[in-house]
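Dear colleague,

Please find below the sequence and structure that I am handing over to you. My notes on what was found follow directly after.

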Amino acid sequence: MGRNVIERFRSVGCVFCSLLYFGLVAKKRKFIFPINCVLFATIEMGNKSSLLLREEEIAQIHEETGFTPNQIERLYSRFTSLDRNDCGTLSREDFLRIPELAINPLCERIVHSFFAESNDDRVNFRQFTRVLAHFRPIKPNKENRLNSREEKLRFAFKMYDLDDDETISRDELLNILQMMVGANISQDQLNSIAERTIVEADTVGVGKISFDDFCRALERTEVEQKMSIRFLN
């Protein structure tokens, strides 16, 4: 098992791509579709919200995210099912009640991403859709800023940037590696992967990876496909 894991991390691009893909989108043993489970996993239902979306709100969200009105209504239904207190916003605890998300090794980082634009540690529906919009497939001549290649990469970058300082340090990368594969390979091997990744990706010699470095490491990766899921219409 350890040798297979190490082989998967044979290059800088593979390190980021593997953790990105297996942590956010793909099946990996019992950790099933972390982003999809926010949308579809079975949970104990909350109260049916008495709040309704107005047509102008749907139009604004469509313009901002690219979701169709039908998709927005489906997402709103999911949002209200997570909103157990029927207050129109979600807490971190609301997300952690999703079993498939709670057991994912990147659970804390995924949940954190929904609160990046929050000032009160609550997420409203508009913020909810903005995060999910990063995972919309890119269609010819219909690209939205939130699901552009750059924004998908920026979203992924923030998964590693634990202290939000716009760089990825060796310790941050090692932390994510430990979350994902720490049980499968030795600490020395983890340290070696983290050290090699920093050295190879850091183009200016500061011992950290910038967003530009991150983009260069993944320039041959089909991020548009790997960070896309199908939203029902």
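A residue is called buried when its relative accessible area is under 20%, exposed when that value is over 50%, and partly exposed in between (1.4 Å probe, protein chains only). Helices (H or I, at least four residues) and strands (E, at least two) are DSSP runs, numbered from the N terminus. With these terms, helix H4 (residues 55-65) can be described: Ile58, Ile61 and Thr65 are buried there. Because these three cover an arc of only 65° around the axis, they lie on the same side of H4; the arc is that of the directions from the helix axis to the C-beta atoms. Glu55 and Glu63 are exposed and sit on the face of H4 turned away from its buried side. H5 and H9 are among the elements that cover the buried residues of H4. After H4 comes Gly66, which has a positive phi near 90°.

The model is predicted, and local features need pLDDT of at least 70, side-chain atom pairs count only at pLDDT 80 or more, while totals for chains, interfaces and linings use all residues. Residues are numbered from 1 along each chain as its sequence is written, and side-chain values use heavy atoms, with hydrogens and water left out.

**Confidence and overall make-up**

The pLDDT is the predictor's confidence in each residue, from 0 to 100. Its mean over the chain is 82, and 77% of the residues reach 70 or more. In residues 26-33 the pLDDT is below 50, and this stretch has 19 contacts in the model beyond near neighbours in sequence. Residues 42-47 also have a pLDDT below 50, with 16 contacts beyond near neighbours in sequence. A contact means heavy atoms within 4.5 Å. Where pLDDT is low, the predicted coordinates should not be read in detail.

The chain contains 14 helices and 4 strands. Of its 233 residues, 50% are buried. Among contacts with a separation of 6 or more, 67% are between residues 24 or more positions apart.

**Aromatic pairs**

How many aromatic pairs does a search of the whole structure find? The search finds 14. Rings of Phe, Tyr and Trp (its six-membered ring) pair if their centres lie within 6.5 Å; planes under 30 degrees apart count as stacked, over 60 as edge-to-face and the rest as tilted. One of the pairs is Tyr76 with Phe125: the ring centres are 5.0 Å apart and the planes stand at 80°, so the pair is edge-to-face. This pair links distant parts of the chain, since Tyr76 belongs to helix H5 (residues 69-82) and Phe125 to helix H9 (residues 125-132), 49 residues apart. Tyr76 counts as buried because its relative accessibility is 14%, and Phe125 does so at 7%.

Phe135 and Phe155 form another edge-to-face pair, with 5.2 Å from centre to centre and 85° between the planes. Distant parts of the chain are again linked: Phe135 is in the loop between H9 and helix H10 (149-160), and Phe155 is in helix H10, 20 residues apart. Both of these residues are buried.

Ring pairs also join Tyr76, Phe79, Phe95, Phe114, Phe115, Phe125 and Phe128 into a cluster.

**Charges over rings**

A charge sits over a ring if NZ of Lys or CZ of Arg is within 6 Å of the ring centre and within 35 degrees of the ring normal. The charged end of Arg136 sits over the ring of Phe67, 5.9 Å from its centre. Arg154 lies over the face of Phe211, 4.0 Å from the ring centre.

Helix H8 (residues 107-114) is largely enclosed by the rest of the structure, because 6 of its 8 residues are buried. These are Cys107, Arg109, Ile110, Val111, Ser113 and Phe114.

Asp121, in the loop between H8 and strand S2 (123-124), has a positive phi near 60° although it is not a glycine. With a relative accessible area of 40%, Asp121 is partly exposed. Glu166, in the loop between H10 and strand S3 (167-169), likewise has a positive phi, near 70°, in a residue other than glycine. Glu166 counts as partly exposed at 41% relative accessibility.

Yours sincerely
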